[in-house]
Amino acid sequence: MLLPDHQYLCADSLQACLKTLRESGERTHVVAGGTDVIFNMRLRLFQPDIALSIRRVAEIQQVEELPDGSLRIGAGCRLVDLAENPVINERYPAFADSIRAVASTHIRNIATLGGNICLKTRCWYTNNSEQWRQGVKECFKTDGDLCHVIKSSSLCHAINNADTPLPLIVLGAVLTLQREGGSRDVPIAEFYQKDGMDHTVLEADELVTHVTLPPCADRTVFLKIAARKGMDFSQAAIAGRASGTGSQAGEVRLVLGSISMAPIVLHEPARLIAEQGITDAAIEQAEEKVRAELGELTSLYARAGYKAHLAKILVRRALKALREM
Amino acid sequence: MPPEIKPQVPKDNPGLTVVGQRQPRLDGADKVSGRSVFTDDVVLPGMLYGKILRSTHAHARIKRLDTSKAEALPGVKAVVTAAHATGMSANSTDSVAKASKRRTGKTIKLKTGEAIFADDVVTYIGEEVAAVAALDEATATKALELIEVEYEPLPAIMDSRRAVRPGAPQVNAEFPGNVWSQDIDNYGDPDTAFDEADFIMESKFEAGVTHNLYAEFHVALVDFSRPDKLKIWTPTQTSYLMQHSLAPAFGLSVNQVQIIHLNTGGAFSGRGAVRPHHYVAVLLSRETRRPVKVFSAGDEEFLIGRALGKNRYKTRVAADKDGTLRAFDMTCEMDGGAVGNEVGYFGWMAGLSNAWMFDLQGNRFQRKVILTNQRPNFLGHGGMMVSSNCAVQQLLAKVARSLDMDPMDLLLKNAVEQGHTGLSGEVFASCGLKECIETVRRESGWNDKYDKLPPYHGIGVAVGAMAAGAKGAFKHDTSAAMVRVGEDGLITVYTGIPDMGQGTHTTMAMIAAEVLGIDANDVQLVAGDTDLTPIDIGAFAQRGTITTGNAARNAAIDARDQLAKYAAEKLETSEDNLRFAHGRVSRVDDPEQSLPFKEVTWGTLNSMEGRFVMGRGFYNSPLPYGTTSWSFDAQVAEVIVDPETGQIDVLKVTVAHDLGRTINPLAVEGQIDGQVFSAMSQVIYEELVTDDGLFLNPSRLEYKMPRTYEMPEISHFMIETNDPYGPFGAKEVGEGPVVVAGAAIIAAVSNALGGTLMPEMPMTPMRVLKAIRASELEKSRSPSAA
Amino acid sequence: MAKHLISLTINGDTYEDLVVSDNQTLLDVIRGEVGLKGTKRGCTTGACGVCTVNDANGDAILSCMTHVLEWDGEAITTIEGLADTGDLDAIQKAFVHYGAVQCGSCTPGVIMSAKALLNAHPQPTEEQINEAMAGVLCRCTGHVKVKEAIRNAHRIEEVVSHAAGD
């Protein structure tokens with residue numbers, strides 16, 4: 001099946017790119033690696049008038065070590081390159097793990113970090129062909145006013161399946177969003193919204209240009225559960241972070257992904273561990289607190305009960321892994 | 001009793017020079033270099049692109065269908081609907097009904113015919129409603145969008161259980177109560193067996209909706225430019241059935257229909273019949289008198305590929321305390337979808353296949369094909385025998401456990417042997433089942449593992465049998481072959497059988513090479529074009545090796561006899577004193593006296609009388625009532641279950657297959673690998689998730705088959721029992737292993753969970769967790785019953 | 001939609017002035033305008049891998065998931081380009097020898113994926129093979145002989161001549 005009619009533009013500089021976004025942001029889609037955009041266009045879920053390629057925008061394809069020890073990564077960097085980057089592997093191993101966990105080698109050869117961070121949410125009521133969708137009523141994502149997954153809801157419940165945001169959140173990464181004549185820094189934890197449709201705060205005239213990771217001396221972990229290895233979106237994933245060593249944990253962060261419309265930052269479980277340390281008893285208590293923070297769960301891609309179950313398993317495994325580090 | 005038949009070659013030291021060698025496939029170089037042509041690669045001058053508008057409702061009345069806007073779109077050359085297909089039905093199985101009646105004495109209800117387009121009512125999502133042909137794909141797509149359809153939804157029935165209850169919406173007025181067919185097959189004396197047995201055990205089992213997932217999407221390219229000749233390029237398992245269905249529908253004789261099946265990208269029981277979209281493509285080409293290609297994109301493939309529907313099994317086993325199995329009684333409710341199809345026939349086969357392996361007193365199979373508004377169903381890889389065998393073998397493991405018996409011993413105790421006559425009259429002229437069982441027991445380390453593995457680490461065994469060249473399915477069941485000899489010693493084998501990847505063509509070449517005493521690489525194949533090739537019913541029912549193989553052998557023998565005349569003259573001896581081997585023709589009594597094969601061919605063809613050497617051969621089972629040969633198989637699977645996530649890791653599968661004779665070990669290994677993969681996929685991963693008949697996951701991403709990380713270690717053991725009917729003793733390997741692998745894996749998972757029966761496939765993580773909870777509950781109730 | 005003229009180097013041949021549209025993917029043009037049919041059309045949504053080609057770095061690229069206009073002036077290799085002297089490449093020979101080909105419809109994509117792996121790691125570990133090949137399906141072989149062929153590609157000449165000598 002062919003892609004729909006549209007215009008392809010290739011920005012040869014960041015400047016040119018931002019100009020186009022200012023002029024026509026509402027009808028434009030940025031194409032980084034293209035794997036997500038082409039997928040959505042092929043299914044006619046999104047039919048932008050303009051596909052704006054940023055492959056020549058050199059400004060967003062660098063990895064720079066900043067004087068304060070932070071690492072600034074261009075959003076246009078390919079996942080395959082970042083996965084092999086020695087600095088990332090040494091200083092941010094959980095982040096490196098999450099990069100390698102994205103899709104398949106084939107996808108990572110062209111996909112970018114920015115693309116994964118901005119990955120569109122997914123739902124099996126929308127992610128099939130246009131012909132297929134003629135058999136279902138329009139939903140929020142397809143200009144309708146209902147959600148097939150939770151029929152009584154006023155929100156779109158499509159799932160955010162991106163893996164790299166999870167460790168980026170526990171690492172406190174900051175995204176640089178640029179528009180023509182301006183830019184803003186948004187902590188990645190604030191970038192996502194719990195809405196399957198408007199799942200990020202990115203405006204139509206903005207581009208995510210950089211991801212800055214502050215230095216991190218803490219233990220971190222990334223775990224992914226998927227039906228098949230090396231290929232699939234997560235059924236559930238977690239990133240964890242703890243200061244200290246052994247069962248002693250000062251600050252603890254836990255973030256779950258692929259369960260809901262946005263990554264879920266766990267509060268009570270993290271607080272419990274920070275308070276009591278990573279003991280078996282504390283882990284058990286933390287698990288009990290997980291379900292309450294997941295919010296309304298859908299049976300999209302996996303049954304709700306199973307998602308809740310996996311969330312607990314991941315919290316347990318992440319904490320145990322941190323304890324071993 | 002069947003007529004006495006001598007094997008073609010001795011069991012040991014058969015003196016074979018080509019058969020048994022590892023032969024890389026002859027078209028391998030073409031396939032790895034991208035030269036091999038598949039249907040979608042073909043572009044014909046003036047070719048149009050066809051697209052089909054499909055029903056989006058499971059059950060609805062078509063209130064209005066207006067194609068005028070589509071017709072008016074520039075670039076659109078034809079729009080067709082039911083009006084263009086009046087009286088036509090997609091039906092490839094008329095011949096099946098007749099033969100089955102001859103064989104079993106009763107009519108097994110089969111397809112009654114299926115409309116090409118829905119007329120006033122649609123009965124399943126995906127049913128063909130209209131079609132367009134246009135200059136390019138984009139225009140064809142736009143044209144579909146311009147067709148206006150107004151549906152009036154009708155109550156739909158999606159569950160086969162509810163479909164048979166009073167008051168359920170009716171799918172087809174011809175079948176009140178939505179029961180398309182209902183049969184009971186009794187073999188032997190199951191009633192007495194169940195009455196007299198020491199105990200009875202029973203279980204329930206369910207299998208879900210699937211797709212065959214061949215790599216090449218369905219495509220049909222039709223050229224009906226000439227009204228007296230219909231040409232179709234399409235991947236298929238049977239050009240024969242396609243010809244016989246399409247010819248009468250379009251007022252042509254069979255030989256005016258030319259089927260060209262280039263390379264077929266896998267079939268897995270999914271391409272054994274004509275489908276409405278073939279007819280649609282023909283209609284579009286007839287309307288335009290131009291070639292038309294209809295390619296099914298992405299999720300559309302899941303609507304037209306007909307695999308298995310939801311089957312529900314209830315299995316009962318009657319046994320004695322000493323481990324003697326007396327009888328099976330299986331009831332199967334099959335969801336035939338909206339059309340019914342040949343599902344009942346395959347149900348009948350499943351019932352037979354449950355019992356082939358055992359010396360039983362009785363076997364009963366009760367089947368009901370129920371109509372629903374689901375996608376019509378047909379066959380998965382392994383027919384439905386993967387699931388039926390899963391039901392049976394798990395239950396046998398439970399029987400063994402209850403008797404404190406090792407399942408291996410239970411199987412050995414009851415396993416059939418060579419010469420056994422089965423309950424429906426089958427005679428196993430060759431049978432190595434016991435050797436298969438003993439082989440996998442030994443090679444898998446079973447004795448050190450069964451009941452000795454840690455929790456959640458399980459091992460399971462299963463056995464199976466498969467009819468090779470299952471005769472009785474068709475009006476007549478023959479394969480023919482021709483062998484043309486070139487003066488340069490190059491041989492051409494003509495065969496009508498498709499090679500969907502299983503390597504049949506290379507097998508035919510090896511058989512011909514064996515007979516003529518030459519190298520298989522000096523044989524070329526002409527196949528895939530019904531204008532050029534002789535009759536072959538098709539590549540299903542495991543016919544390739546035994547039926548087509550014997551035909552190729554007979555043709556090669558005929559060619560050899562023609563060459564022998566010349567050679568005998570030259571070597572001054574009689575024709576029966578010649579041996580063709582190693583590229584030479586020599587005197588048996590004085591091997592020093594010999595001629596190069598190429599000299600014999602050249603001499604024969606350039607003789608004064610101008611001889612032309614073309615060997616002809618055909619083969620049809622010599623038994624009046626059916627199949628001659630059965631393969632047998634035993635497998636052990638070892639798994640680890642993650643009790644937290646419910647995921648299953650298959651560590652190792654050990655396979656012993658009695659295939660009669662290994663013609664090409666390289667291809668046999670490949671078949672076994674692929675079938676272990678396929679069975680594993682069916683019992684663990686494959687599940688079409690549906691919402692009222694709507695497939696939610698119709699994609700390669702979300703309808704899952706294992707990839708590289710998931711594959712277990714696989715060991716292959718070929719047991720050669722030298723079947724008297726098979727070519728050089730060979731039977732089949734094309735489908736025997738898949739029906740056992742799934743059962744072995746599910747038995748292993750059951751074992752990993754302490755013997756809890758897994759009631760459903762696929763064994764998704766949630767179902768595994770549920771089974772773990774059930775097993776823990778069972779244990780806590782009666783701790784001694786662990 | 002506008003038409004554009006691009007140039008594309010495929011298997012060492014430069015196709016100047018290919019007329020393409022904005023909405024065409026690299027796969028569309030390889031099979032269409034250029035007319036090389038070895039690269040196959042499969043799921044067209046990035047999950048099956050049968051459309052895999054190699055870029056100038058020898059990496060595996062899903063040609064259905066990228067605009068052809070991204071490749072203006074670039075060089076790629078398709079299955080037809082592996083055997084540059086007409087003789088089969090080592091990985092191709094290995095696939096034939098080890099029986100890693102059955103129906104063949106995934107084979108071009110599988111081989112180009114394997115070639116990309118071998119470009120980077122001539123003697124890959126099991127983990128590297130699994131990772132590199134997880135993105136492409138093979139329904140007939142179940143990946144088993146595919147992996148065996150990849151494992152042995154580096155020594156295929158020796159293997160084949162040894163087998164011939166028997």
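Buried means under 20% relative accessible area, exposed means over 50%, and partly exposed is in between, using a 1.4 Å probe and protein chains only. What you see is a predicted model, where local features need pLDDT of at least 70 and side-chain atom pairs count only at pLDDT 80 or more, while totals for chains, interfaces and linings use all residues. Residues are numbered from 1 along each chain as its sequence is written, chains are lettered from A and ligands numbered from 1 in the order in which they are written, and side-chain values use heavy atoms, with hydrogens and water left out.

**A covered helix in chain A**

- Helix α2 of chain A runs over residues 35-42 and is mostly covered, with eight of its eight residues buried. (Helices are DSSP runs of H or I with at least four residues, strands are runs of E with at least two, and both are numbered from the N terminus.)
- After α2(A) comes A:R44, which has a positive phi, near 55°.

**Chain B as a whole**

- Chain B holds 20 helices and 29 strands.
- Along the principal axes, the C-alpha trace of chain B spans about 85 × 75 × 50 Å.
- Of the 786 residues in chain B, 66% count as buried.
- Take the contacts in chain B with a separation of 6 or more: 81% of them are between residues 24 or more positions apart. (Contact means heavy atoms within 4.5 Å.)
- Chain B carries 78 positive and 98 negative side chains, and the centres of the two sets lie 3 Å apart. (Lys and Arg count as positive, Asp and Glu as negative, and His and the chain ends are not counted; each charge is placed at NZ of Lys, CZ of Arg, CG of Asp or CD of Glu.)

**Two residues to look up**

- A:S234 sits in the loop between β9 (219-225) and β10 (236-242) of chain A, and with a relative accessible area of 5% A:S234 is buried.
- The side chains of A:S234 and A:D163 are joined by a polar contact of 2.6 Å. (That is a pair of N or O atoms within 3.5 Å; within protein, one must be able to donate a hydrogen and the other to accept it, and residues adjacent in sequence count only if both atoms are side-chain atoms.)
- B:I5 lies in the segment before α1 (28-32) of chain B and is partly exposed, at 33% relative accessible area.
- Leaving aside neighbours within four places in sequence, B:I5 is in contact with B:P724 and B:Y725.

- Most residues other than glycine have a negative phi, and most peptide bonds are trans.
- A:D143 has a positive phi, near 65°, and counts as exposed at 76% relative accessibility.
- B:F268 also has a positive phi, near 55°, but B:F268 is buried, with a relative accessible area of 12%.
- A cis peptide bond joins B:M761 and B:P762, with omega about 5°; B:P762 is in the loop between β29 (760-761) and α20 (765-781) of chain B.
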